[in-house]
Amino acid sequence: MFAPRDPDEYLLDTERRVIRIRRHWSCLAWDMFEAIALIAVCVMVSYVLPPSLWVVQNILWYLALLVILRFAYQIIEWWVERLVVTDKRFIMTTGVWTTKVLMMPITKVTDLTYERSFWGRMLGYGTMVVESAGQIQALNRIEYLPRPEEFYDTISALVFGDKQKQAERFSMIKAQRAARGKRMVG
């Protein structure tokens, strides 16, 4: 009831899911640094204060608890955010309390740009800029994308590749999965 919907629930019966990912964990790095720094400041100031200022010390400990809760919420928010790419569209779902669904049809894509910073190469993430017919779409810039080379190659094949070969490949993959499923059941 309170859990966000699975992004696959938004797919149509005629769509085939190609990619389903969440953003790279490194998108939480600054939030983690911020939380650790704030907690360290609260703890240090609390220990420097004389015992007579116990009210201020208690306030600092409650502030540290709020910082921890805020960071936990950011982790949950990252965990529920998903990007799903089908053979027809990009779908991104976000939000813990209020679900937000962003969508962009694959047919609108006119250009793909792939960026990877120094830290992105070290940690394994990148940024994909998806352009569409001179319009700014909801999913025009996807940051902290894990395994960006694979993502770029797959999206390029979907957008600019041979549609007949894709259909044959996906039907073959679907048949292989069905065959594996039957063997496991039997």
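## Overall fold

The structure is a predicted model. Its secondary structure comprises five helices and seven strands. Along the sequence, these elements follow the pattern β-α-α-β-β-β-β-α-β-β-α-α. The chain has 186 residues, of which 34% count as buried. Among the contacts in the chain with a separation of 6 or more, 54% are between residues 24 or more positions apart.

## Salt bridges

The structure contains eight salt bridges.

| Glu15 | Arg89 | 2.7 Å |

The salt bridge between Glu15 and Arg89 has a separation of 2.7 Å between its closest N and O atoms. Because Glu15 belongs to the segment before β1 (17-21) and Arg89 to strand β3 (residues 89-94), this pair ties together parts that are 74 residues apart in sequence. Are these two residues buried or exposed? Glu15 has a relative accessible area of 9%, so it is buried. Arg89, at 16% relative accessibility, also counts as buried. The cut-off that decides both cases is a relative accessible area under 20%.

Glu149 is partly exposed at 37% relative accessibility, and Arg116 is partly exposed at 24%.

Arg147 counts as partly exposed, with a relative accessibility of 47%. Glu150 is likewise partly exposed, with a relative accessible area of 49%.

Strands of a sheet pair through backbone hydrogen bonds, either parallel or antiparallel. Here, three strands form an open sheet in the order β5-β6-β7, and their pairing is antiparallel. Which strands stand at the edges of this sheet? They are β5 and β7 (141-146); each has a single partner strand, so one side of each is left without a neighbour in the sheet. From one strand to the next, the twist averages 25 degrees.

Strand β6 (residues 125-131) pairs with β7 in the antiparallel sense over four bridges. Met128 has Ile142, in β7, as its bridge partner.

Helix α4 lies across β5, β6 and β7, and runs at about 175 degrees to β5. How does the span of α4 agree with its number of residues? At 1.5 Å a residue, its 13 residues should span 18 Å, and the end C-alpha atoms are 17 Å apart, which agrees. The expected span is 1.5 Å times one less than the number of residues.

The buried residues of α4 include Pro148, Phe151, Ile155, Ser156, Leu158 and Val159. These residues cover an arc of only 165 degrees around the axis, and they therefore lie on the same side of α4. An α-helix has 3.6 residues a turn, so residues three or four places apart point the same way.

## Two further positions

Thr107 is located in the loop between β4 (100-105) and β5. This residue counts as exposed, with 74% relative accessibility. Thr107 and Ser132 are 25 residues apart in sequence, and their C-alpha atoms are 8.8 Å apart in space.

Gln74 is located in helix α2 (residues 54-80). Its relative accessibility is 14%, so Gln74 counts as buried. If residues up to four places away in sequence are not counted, Gln74 touches Leu28 and Asp31.

Key:
Residues numbered from 1 in each chain as written. Predicted model: local features only at pLDDT ≥ 70, side-chain atom pairs only at ≥ 80, totals over all residues. Heavy atoms only, no water. Salt bridge = Lys/Arg side-chain N within 4 Å of Asp/Glu carboxyl O. Helix = DSSP H or I, 4+ residues; strand = E, 2+ residues; numbered from the N terminus. Buried < 20%, exposed > 50% of the residue type's maximum accessible area, 1.4 Å probe, protein only. Arc of directions from axis to C-beta. Pairing = 2+ DSSP bridges. Axes fitted to C-alpha atoms, helices over the stretch in contact; angles between N-to-C directions. Contact = heavy atoms within 4.5 Å.
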